[in-house]
Amino acid sequence: MPKRLDRQLTDVELELMQLVWRLGVCTIRDVYEALPKGRDLAYTTVATMIKILEQKGAVICQKKDRAIVVKPRIERSEYEAASLKHLNEMVFLGNATSMVTRLLDDGELTENELRALRKLLDERLR
């Protein structure tokens, strides 16, 4: 399984990839039907976007009977890590402290989230 994709996903690709991660092995029809109510994407658009996700290495597609079965090729956690690395390199010029500081300053973190972060930091410092 690849650790990263050649390119970051667009907003629509990521929206569909989130559905694939949630569904696991599924068909294009399953992805289409899992779209939120009111999300106005045609079935053919979903099929095209899934094909693009396959070209980018995010999913594997296999024809089975009359359906195309889709399964994730990259795990959500792998994409999260690659995205954060990309963001850190491109926006924060490799300064992870600056990136985390921005999240803490501008993020609307709950007390529970802050406590969990404190616990992680304390564990890393041991």
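Leu 120 lies in helix 6, where helices (H or I, at least four residues) and strands (E, at least two) are DSSP runs numbered from the N terminus. Leu 120 is partly exposed, at a relative accessible area of 44%; on this scale buried means under 20% relative accessible area, exposed over 50%, and partly exposed in between, with a 1.4 Å probe and protein chains only. The structure is a predicted model, in which local features need pLDDT of at least 70 and side-chain atom pairs count only at pLDDT 80 or more, while totals for chains, interfaces and linings use all residues. Residues are numbered from 1 along each chain as its sequence is written, and side-chain values use heavy atoms, with hydrogens and water left out.

Leu 120 belongs to a nonpolar patch on the surface, together with Val 100, Leu 104, Leu 114 and Leu 117. Patches are made of residues with over 30% relative accessible area and no salt bridge; nonpolar side chains (Val, Leu, Ile, Met, Phe, Trp, Tyr) are joined within 5 Å, and like charges within 9 Å. Helix 5 (96-106) and helix 6 (111-125) each contribute at least two residues to the patch. Helix 6 provides the largest share, three residues.

Side chains of opposite charge can pair when their charged atoms come close. A salt bridge is a side-chain nitrogen of Lys or Arg within 4 Å of a carboxyl oxygen of Asp or Glu, and by this rule the count is five. In helix 5, Arg 102 and Asp 106 are four residues apart and therefore separated by about one helical turn. Their closest N and O atoms are 3.1 Å apart, forming a salt bridge, and Arg 102 is partly exposed at 44% relative accessibility. In helix 6, Glu 111 and Arg 115 are likewise four residues apart, about one turn of the helix. These two form a salt bridge with closest N and O atoms at 2.9 Å; Glu 111 is exposed, with a relative accessible area of 56%.

The side chains of Glu 15 and Arg 39 meet in a salt bridge of 2.9 Å, N to O. Glu 15 sits in helix 1 (residues 11-23), whereas Arg 39 is in the loop between helix 2 (28-34) and helix 3 (43-55), 24 residues apart. Glu 15 is partly exposed at 23% relative accessibility, and Arg 39 is partly exposed at 32%.

Helix 1 also holds Arg 22, which is exposed, with a relative accessible area of 56%. Beyond its neighbours within four places in sequence, Arg 22 is in contact with Ala 34 and Arg 76, contact meaning heavy atoms within 4.5 Å. Arg 22 and Leu 87 are 65 residues apart in sequence and 24 Å apart in space, C-alpha to C-alpha.

The cysteines complete the account. A disulfide is a pair of cysteine sulfur atoms within 2.5 Å, and a search of the whole structure finds zero. The sulfur of Cys 26 has its closest cysteine sulfur in Cys 61, at 9.0 Å, and is therefore too far away for a bond. Cys 26 is buried at a relative accessible area of 3%, and Cys 61 also counts as buried, at 18% relative accessibility.

Conventions: Areas by Shrake-Rupley, 256 points an atom, 1.4 Å probe, with all protein chains shown as cover.
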